[in-house]
Amino acid sequence: MAKPLSKPKSLKAQITRTSLVLAAAALLRERGPEAVTYRKVAEWAGAASSSVGYYFDSVTELLYEAGCYNIELWIARAEKVAQAADAFSPEECRERVVDLLLEACLPDDTVSMPAHYAQLIASAEAPVVTEAYRKGREALDAAVNRILVRAGVNLTPSVVVALVDGGAVKAISEGYDVREIARMLLETALDR
């Protein structure tokens, strides 16, 4: 497992290092792990190529931190939705559960669904990315579970994720709308 370097001491160094992680995370999300190179990360961050090597011992270390950043984004989105669910009565939450689950599990409209799912599948090429994603899964599942519990729905987070992600892959590969297919699958599961 890659270990993060100690924090740079100066504010400028912290900003530079953070901008490199953010650039690597964006590259990972948009183009997959193979796109994360020192040169490309530096270009996306608007930094010198040598700065990447200064702050990170390897692309592997950079990929791990980028993966950690990405899963934290997804966890934050799911947590925000879980907090919204907590504000509803159980009955209101049950009425809105499909929308809440879709919002918690799918990227927002600013993200290309095909690119999102392609990078998830491509993460298998970078074990440190899969490690980061696997470590974050528990927190992501906990947020989804809060929604399910509040709504009184007897499904597990793993089943919800399988339905949403499976529906997304089906929709992308067959030219359908991802949200419509995922919605249909969730509604079918909830009706049973």
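This report covers the annotated regions, the nonpolar core, the salt bridges and the surroundings of one serine in a predicted model.

## Annotated regions

The record, an unreviewed entry, assigns "domain: HTH tetR-type" to residues 14-74.

## Nonpolar core

The largest nonpolar core has 60 residues. Those that touch the most other members are Val36, Val41, Val97, Leu101, Ile147, Val160 and Val164. Helix H4, which spans residues 59-87, supplies the largest share of this core, with 11 residues. As background, nonpolar side chains in soluble globular proteins tend to be buried together.

Leu101 can be followed in detail. Leaving aside residues up to four places away in sequence, Leu101 touches Val144, Ile147, Leu148, Val160 and Leu186. Of these partners, Ile147 and Val160 are themselves listed with Leu101 among the core residues that touch the most other members.

## Salt bridges

How many salt bridges does a search of the whole structure find? The search returns 11. In general, side chains of opposite charge can pair when their charged atoms come close.

Arg39 and Glu43 form a salt bridge through their side chains, with an N to O distance of 3.3 Å. The two residues are separated by about one helical turn because they stand four residues apart in helix H2 (residues 38-45). Arg39 is exposed, at a relative accessible area of 54%, whereas Glu43 is partly exposed at 47%. Glu43 also pairs with Lys40, where the closest N and O atoms are 3.4 Å apart. Here the spacing in helix H2 is three residues, so Glu43 and Lys40 are likewise separated by about one helical turn.

A further salt bridge joins the side chains of Glu131 and Lys135, at 3.4 Å from N to O. Both residues belong to helix H7 (residues 127-151), where they are four residues apart, or about one turn of the helix. Glu131 is buried, with a relative accessible area of 15%, while Lys135 is partly exposed at 46%. Elsewhere, salt bridges with shared partners link Arg39, Lys40 and Glu43 into one network.

## Ser51 in helix H3

Is Ser51 buried or exposed? Ser51 has a relative accessible area of 12% and is therefore buried, the cut-off being under 20%. The residue lies in helix H3, which covers residues 49-55.

Which backbone oxygen does the side chain of Ser51 reach? The side chain comes to 2.5 Å from the backbone oxygen of Ala48. When residues up to four places away in sequence are not counted, Ser51 touches Thr16 and Leu20.

Methods. Residues numbered from 1 in each chain as written. Predicted model: local features only at pLDDT ≥ 70, side-chain atom pairs only at ≥ 80, totals over all residues. Heavy atoms only, no water. Core = buried A, V, L, I, M, F, W, Y, C linked by side-chain atoms within 4.5 Å. Buried < 20%, exposed > 50% of the residue type's maximum accessible area, 1.4 Å probe, protein only. Contact = heavy atoms within 4.5 Å. Salt bridge = Lys/Arg side-chain N within 4 Å of Asp/Glu carboxyl O. Polar contact = N/O pair within 3.5 Å; in protein donor to acceptor, adjacent residues only side chain to side chain. UniProt positions renumbered as here; feature names shortened; annotations may be inferred.
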